[in-house]
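Student: Please take a close look at the spaces inside this protein. I would like to know what lines them and how the neighbouring elements are arranged.

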Amino acid sequence: MSQKYTILKEEKVRYDGNIISIKPQKTVAIALASNQSEKAVCTVKIGDDVKIGSLIGYIDDNVYLPIYSSVSGKVIAFEEYQYCTLNKVQHVIIENNFLDEKVPLFPKDVDYQNLSRQQLIEFTKKSGLVGMSGAGFATYGKYLSACDTLIINGCECESYLISDYVNVINNCRDMLDGILIMEKMAQTCNSYIVLKKSATEEIEKVSQMIESDKKYQHLHLYLIDDFYPCGWEKLLTEKITGRTYNMYTTECQVIVNNISTAISLKQIFSQNMPVIEKLITVAGNGIDNSAVIKARIGYRVKEILDEVGSRVPGSIIYCGGTMMGSVMEDDNFYICSPYNGLIVMQPPHYIERVCDAQCHECEDHCCCELKVKDLLQACLHNDMSEAKKLRIVDCCECNICSYVCTNHIDVRQYIRDMKYKIIGEDNNEESI
């Protein structure tokens with residue numbers, strides 16, 4: 001494993017103890033999509049009354065993922081808006097009646113502490129829980145095979161973002177209880193909570209909670225230096241277990257989950273509701289205020305940003321962090337479960353130049369140890385064969401190459417476009 005890393009120059013938002021609860025919106029728009037699939041089945045029609053927790057659609061494309069309403073009200077339309085994949089996807093438009101009527105997710109007599117491993121997996125599947133760190137994989141899918149090590153990732157290594165940090169500070173016991181549920185699903189008691197050494201308040205909070213109750217005292221606290229990408233699951237897997245894998249951590253008997261996913265899992269069982277709201281960091285040099293906000297799934301981003309502060313004209317919005325997030329075309333998109341950040345940045349004032357033959361910054365910083373310059377040229381010339389030889393599918397898309405490029409080339413985007421073109425063609429060949 002490469003020891004290369006980068007120290008990001010942009011700082012984290014400072015948490016002052018306050019969370020802004022975004023005021024209720026008259027309508028919500030809930031995406032009929034996930035980060036992995038846009039092949040959704042809609043289960044409602046215009047005029048239908050829904051409650052919080054009503055099923056409005058589902059995805060059944062390799063994995064099953066139900067989609068629920070975050071408000072009570074009436075379905076009034078179906079419209080397309082941009083999703084974090086940058087594609088336009090169908091949204092269910094619901095007029096909010098502000099009554100917050102609810103439909104329980106599980107039978108009322110369900111006690112998660114008495115459920116078997118298989119029952120916990122089935123209930124997690126029914127809940128629609130996905131990874132809360134941006135990737136958005138269906139959580140239950142990681143637990144279909146038992147593993148011997150569970151890694152709970154609390155690194156949150158991108159600049160600005162503190163959503164996970166704030167979640168742990170405010171919901172530490174839920175996080176630990178969520179890990180116990182995950183352990184039962186994974187059939188292991190060998191769990192590591194990974195935090196950055198610089199997160200002293202978070203470390204103290206978690207350490208004290210672990211020591212306060214015998215049922216938590218087997219949990220390991222693993223501290224890591226503050227660098228980017230210290231939260232890369234391949235790096236964490238190798239550092240903690242000494243193992244590696246090709247595509248998925250489960251190949252080497254390891255499951256990695258985001259720390260906020262553990263919190264959400266516990267709250268789903270204790271509140272008998274799917275995830276209907278998110279903690280999101282709003283920050284960046286393109287907005288005059290920074291905040292951690294709590295917003296319902298389906299709230300429009302424009303109103304959220306307007307409530308937080310004033311934006312620089314022409315500013316761009318990242319859905320997620322500035323390293324691995326998506327640059328959205330405008331502010332007319334809606335909150336979904338995987339979103340953890342809305343970073344507003346001033347418009348760039350540079351022009352992409354030709355790659356400098358003498359510069360090797362991208363390769364010097366690549367944590368995947370790829371021949372980035374050769375790979376870039378293969379992508380620019382649409383040479384799929386050469387890109388495969390150069391291990392393009394091993395790119396973790398951390399974006400360091402673009403971050404350090406002195407010629408302002410969006411290297412990661414060129415590589416990413418070619419990578420998914422190759423993956424798509426390979427999948428098509430396998431299906432023939």
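**Cavities, a pocket and the packing beside it**

Tutor: There are three cavities of 30 Å³ or more in the structure. The model is a predicted one, and every value here is computed from it.

Start with the largest cavity, whose volume is about 310 Å³. Its lining is made of 25 residues. Those nearest the centre of the largest cavity are Pro 66, Ile 67, Gly 128, Ile 297 and Ser 337. Among the elements, strand S2 (27-31) and strand S6 (63-68) each give at least two residues to this lining. Strand S6 provides the largest share, four residues. By class, the lining of the largest cavity has 17 nonpolar and eight polar residues, with no charged ones.

The second largest cavity holds about 130 Å³ of space. It is lined by 16 residues, and closest to its centre are Cys 366, Val 372, Cys 395, Cys 398 and Cys 401. Helices contribute here: helix H8 (361-365), helix H9 (372-380), helix H11 (400-404) and helix H12 (411-431) each supply at least two lining residues. Twelve residues of the lining of the second largest cavity are nonpolar, two are polar and two are charged.

Next comes an open space. The second largest pocket contains about 600 Å³. Of its 28 lining residues, Lys 12, Ile 162, Lys 196, Ser 198 and Asp 226 lie closest to the centre. This lining divides into twelve nonpolar, five polar and eleven charged residues. Helix H2 and helix H4 (200-212) each supply at least two residues of the lining of the pocket, and H4 gives the largest share, three residues.

These two helices also pack on each other. The angle between H2 and H4 is about 35°, and their axes are 10 Å apart. Their crossing is left-handed. On the H2 side the contact is made by Asp 164, Tyr 165, Val 168 and Ile 169; on the H4 side it is made by Glu 201, Glu 202, Lys 205 and Val 206. Taken by class, the residues of this contact are four nonpolar and four charged, with no polar ones.

As for the linings, the largest cavity has no charged residues, the second largest cavity has two and the second largest pocket has eleven.

Methods: Residues numbered from 1 in each chain as written. Predicted model: local features only at pLDDT ≥ 70, side-chain atom pairs only at ≥ 80, totals over all residues. Heavy atoms only, no water. 1 Å grid on protein atoms, 1.4 Å probe; cavity = no way out; pocket = protein on both sides within 12 Å on 5 of 7 lines; lining within 4 Å. Points joined across faces, edges and corners; volume = space filled by probe spheres on them. Nonpolar A, V, L, I, M, F, W, Y, C, P; charged D, E, K, R; others polar. Axes fitted to C-alpha atoms, helices over the stretch in contact; angles between N-to-C directions. Left-handed = near helix turned anticlockwise from the far one by under 90°. Contact = heavy atoms within 4.5 Å.
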